Amino acid sequence: MMLRKIYLRTFLSLALLFALRTVYAQADATLGKTLFRDNCAQCHNRDMKSALTGPALGTAEANWADFPREELYAWIRNSQALIAAGHPRAIELWNQYRPTPMNANAHLTDNDIESVLAYIKEEYTKVPVVAGPGPGGAPQTQQSSNKLLYIILLIVLIAVSLVLARVISNLNQIAQVQEGKVPTQPRSILQMLTHRTVVAFVIFALVIFGGYTTVNNAIAFGRQQGYAPEQPIKFSHEVHAGIQGIDCQYCHDSARRSKHAGIPAASTCMNCHRAVTVGSLDGTAEITKIYASIGFNPNNNSYIDNYESLPEDTIKTIYQKWIGDQYKLKSGLPALDRRGEQLVAEQWNGIKSSLTNPLKPQIEGPIEWTRIHHLPDHVYFNHSQHVSVGKITCQQCHGKVQEMPVLSQYAPLSMGWCINCHRETNVQFEGNAYYETYKRYHEELTSGKRTGVTVEDIGGLECQKCHY
């Protein structure tokens, strides 16, 4: 009878282990998110519905449905090899998005690719908003999570461990009986959970988990992907870079000639806004903040003399008059009504709160923008090297800023992300005087021995390039 129980419990344990193995073998969308971020996000839009440098990926599986799954794997791992082999779908995509080649991903396993595809499908089919408001009345965004799956797996592991422990205890009893010894009583669940082996394992697991979490958070410190802080002025890249078509380097002029892209001074804003005084939506209020910071009087279209020495009440009178006149002009009223008076008060309070703080009590002075993109001090990055020499577009690292009403950190800015880009990005050798000294590579390109030169080929993975 006891043997039958042991056999039954052993069978159940093996069945649970097999089920667990099956679950682990499935594609993991969470893993796919990490792989997509590190290998694909620099060229493909994260909404999976619109194209960026590369095509929208939401319909990738459907586009390859007429071909074996292995050919899709081959395309993702090495698109240029599939193009060279004359694959019809590969050539079609290449003709649409040339001359920028897709990054090679030879390191991805079949399961990695399936995980990426699972994440793509999840994002493509995601319902953006669920019913019901979130905190503060804002709609809640639906976010998929595998936490429940992990909890279930943990419970299954604990159950399997308890079953195996009981099986071992029963086997020990049988062995003791066969040896003529008095069998010991099997341990209770509490005794098994408080056994020194279990306690030691739990402590070991906590140390490993705590160390991993600490190191992972330290590595990610200061470079949160998706970070979009509130700024003192609601500047819209969608309006300026998108609708108005202003080139990025007009405002961020130092990006092409120095290490830092730089934040434009208010004087750069005034190049346009001395003439453009009315903005879209609530843009007029934000333009007035620029005037107040630099001491420009829009009432008479001139800069204010001795602006920094003026009392706040005088400054308040100047800009409240401007705000009120704009309201009367827009509403067609000869004088301010209650709504106009309220608007004047609100916009002046907005100027005060945006341009002053305990450390900067005066209204005049530089606008204190909140930095979004930040690398650790031990990392060297030069914008001019990438923009002027490498010919990298701003969107490759910063995303489609021309569609961002609120700027956010688009890329992970991790070491792995940079290294992958250096491994897979072809250097712009043609007509680039900076690379004329690389005679051998030019000869190999001319002879056809080489189709391209990556940043890795010219030393882009040397530690001293970024850490010295």
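Predicted model: local features only at pLDDT ≥ 70, side-chain atom pairs only at ≥ 80, totals over all residues.
Biologist: What makes cysteine 394 count as partly exposed?

Modeller: Buried means under 20% relative accessible area, exposed over 50%, and partly exposed in between (1.4 Å probe, protein chains only). Cysteine 394 has 24% relative accessibility, so it counts as partly exposed. Cysteine 40, at 14%, therefore counts as buried.

Biologist: How do you know how confident the predictor is across the protein?

Modeller: The average pLDDT (the predictor's confidence in each residue, from 0 to 100) is 83, and 88% of the residues score at least 70. Over residues 17-25 pLDDT stays under 50, and residues 128-144 also stay under 50.

Biologist: What is the geometry of the aromatic pair of phenylalanine 36 and tyrosine 119?

Modeller: The structure holds 10 aromatic pairs. In the pair of phenylalanine 36 and tyrosine 119, the centres are 5.6 Å apart and the planes lie at 55°, which is tilted. Rings of Phe, Tyr and Trp (its six-membered ring) pair if their centres lie within 6.5 Å; planes under 30 degrees apart count as stacked, over 60 as edge-to-face and the rest as tilted. Phenylalanine 36 is in helix 2 (residues 29-39) and tyrosine 119 in helix 7 (residues 110-124), 83 residues apart. Both phenylalanine 36 and tyrosine 119 are buried.

Biologist: Why is the pair of tyrosine 435 and tyrosine 438 called tilted?

Modeller: Their ring centres are 6.0 Å apart and their planes lie at 50°, so this pair is tilted. Tyrosine 435 has a relative accessible area of 4% and is therefore buried, whereas tyrosine 438, at 28%, counts as partly exposed.

Biologist: At what angle do helix 2 and helix 7 pack?

Modeller: Helix 2 and helix 7 pack at about 95°, with their axes 7 Å apart. Helix 2 is therefore roughly perpendicular to helix 7; angles under 35 degrees count as roughly parallel, over 145 as roughly antiparallel, 65 to 115 as roughly perpendicular and the rest as oblique.

Terms used: Residues numbered from 1 in each chain as written. Heavy atoms only, no water. Helix = DSSP H or I, 4+ residues; strand = E, 2+ residues; numbered from the N terminus. Contact = heavy atoms within 4.5 Å. Axes fitted to C-alpha atoms, helices over the stretch in contact; angles between N-to-C directions.
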